[in-house]
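I opened a new page for this model and listed what to look up.

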Amino acid sequence: MDFLSNIVQQVITVIYSFLQGVGFPNYGVAIIIMTILVKLILYPLSKKQIESTKAMMEIQPKMKAIQEKYKNDKQRLNMELANLYKSEGVNPLAGCLPLIVQMPIMIGIFYGIRDFHYEGSASFLWMQSISNPDPTYILPILSALTTFIQSKQTMPDTGNPQNKMMLYFMPLFIGYISLSFPAGLVLYWVVMNIMQIGQQFMMERAKK
């Protein structure tokens, strides 16, 4: 991951140098610009992953019914599930490849921002330094809130208790760990979520 994290740090430095050249040197803005660029570049993969995940969640009630009906006949169970995927036009593996491709990039960004060495002022809006956790808890709250909204968009209301638990647990968990992360890293997460929310909204609107 060192290779990817080094690239991330170099990109932030280049964007910061550009901002410095136009008279507005700010690491927070550099992280925001980098996040937007990454999300735009990865949009085709994100779109495929979102569509596949949502499609799988929507057919979960039918899957559970088949699994219950043929729980004692594995061969028939697999055949009926395959027929369900075919009739619904769903490939259960379609979301794996985009996720596999994106995961190393996301991990590289995580370590690149977390371990970034800021030269000069790292102030941003109300924070004196985004190399430290946000003392006002504003960013951790935003990280939890945007994670909830993004998860709500992806998870259809199927009545599945596991989905409901994850819908509320994950935002709380993300908000909690954000309390100790550098504010620059949490800023990246918030902007990434906002971009994801916007992209999903556009996808849903395009279908109508």
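**Entry 1: the largest pocket**

I started with the lining of the largest pocket, sorted by class: 20 residues are nonpolar, 14 are polar and one is charged. I note here that the model is predicted. I then looked up the volume, and the largest pocket comes to about 1100 Å³. The lining has 35 residues, and those closest to the pocket centre are Gln 49, Leu 99, Gln 150, Trp 189 and Met 192.

I went through the elements next. Helices H3 (43–58), H6 (96–114), H7 (138–154), H8 (161–178) and H9 (183–207) each give two or more residues to this lining. Which helix gives the most to the lining of the largest pocket? I found H9 in that place, with eight residues.

**Entry 2: the second largest pocket**

I moved to the second largest pocket, which holds about 230 Å³ of space. I wrote down its lining: Leu 4, Ile 7, Val 8, Val 11, Met 34, Leu 37, Val 38, Ile 41, Leu 42, Ile 105 and Ile 109. By class, this lining has eleven nonpolar residues, no polar ones and no charged ones. I checked the elements again: at least two lining residues come from each of helix H1 (2–21), helix H2 (27–41) and H6. H6 had already come up as a contributor to the lining of the largest pocket.

**Entry 3: the chain as a whole**

I stepped back to the fold. I counted nine helices and zero strands in the protein chain. Read along the sequence, the pattern is α-α-α-α-α-α-α-α-α. Along the principal axes, the C-alpha atoms fill a box of roughly 65 × 35 × 30 Å. I also looked up burial: of the 208 residues in the protein chain, 41% are buried.

**Entry 4: salt bridges**

How many salt bridges does the structure hold? I found two.

I took the pair in helix H5 to begin with. Arg 76 forms a salt bridge with Glu 80, and their closest N and O atoms are 2.8 Å apart. The two residues are four apart in helix H5 (residues 74–88), so about one helical turn separates them. Glu 80 has 18%, so it counts as buried; the cut-off for buried is under 20%.

The other pair is Arg 114 with Asp 115, where the closest N and O atoms are 2.9 Å apart. Arg 114 is partly exposed because its relative accessibility is 36%. Asp 115 is also partly exposed, at 35% relative accessible area.

I looked at backbone angles next. Most residues other than glycine have a negative phi, so I wrote down the exceptions I came across.

Leu 125 has a positive phi of about 50° and is not a glycine. Leu 125 lies in the loop between H6 and H7.

I placed Tyr 137 in the loop between H6 and H7. Tyr 137 is partly exposed, with a relative accessible area of 48%.

**Entry 5: a nonpolar surface patch**

Leu 125 came up again when I looked over the surface. Together with Trp 126, Ile 138, Leu 142, Leu 145 and Ile 149, Leu 125 forms a nonpolar patch. The accessible area of these residues together is about 530 Å². I followed up one of them, Ile 149, which sits in helix H7. Ile 149 counts as partly exposed because its relative accessibility is 35%.

**Entry 6: one glycine and one distance**

Gly 175 counts as buried, since its relative accessibility is 9%. How far apart are Gly 175 and Asn 83, in sequence and in space? I noted 92 residues along the sequence and 41 Å from C-alpha to C-alpha.

Technical notes:
Residues are numbered from 1 along each chain as its sequence is written. This is a predicted model: local features need pLDDT of at least 70, side-chain atom pairs count only at pLDDT 80 or more; totals for chains, interfaces and linings use all residues. Side-chain values use heavy atoms; hydrogens and water are left out. On a 1 Å grid over the protein atoms alone, a cavity is a set of points where a 1.4 Å probe fits but cannot get out, and a pocket is an open set with protein on both sides within 12 Å along at least five of seven lines; lining residues have an atom within 4 Å of a point. Grid points are joined across faces, edges and corners, and a volume is the space filled by probe spheres set on the points. Ala, Val, Leu, Ile, Met, Phe, Trp, Tyr, Cys and Pro count as nonpolar, Asp, Glu, Lys and Arg as charged, and the others, Gly among them, as polar. Patches are made of residues with over 30% relative accessible area and no salt bridge: like charges are joined within 9 Å, nonpolar side chains (Val, Leu, Ile, Met, Phe, Trp, Tyr) within 5 Å. Accessible areas come from the Shrake-Rupley method with a 1.4 Å probe; for residues, only the protein chains shown count as cover. A salt bridge is a side-chain nitrogen of Lys or Arg within 4 Å of a carboxyl oxygen of Asp or Glu. Buried means under 20% relative accessible area, exposed over 50%, partly exposed in between (1.4 Å probe, protein chains only).
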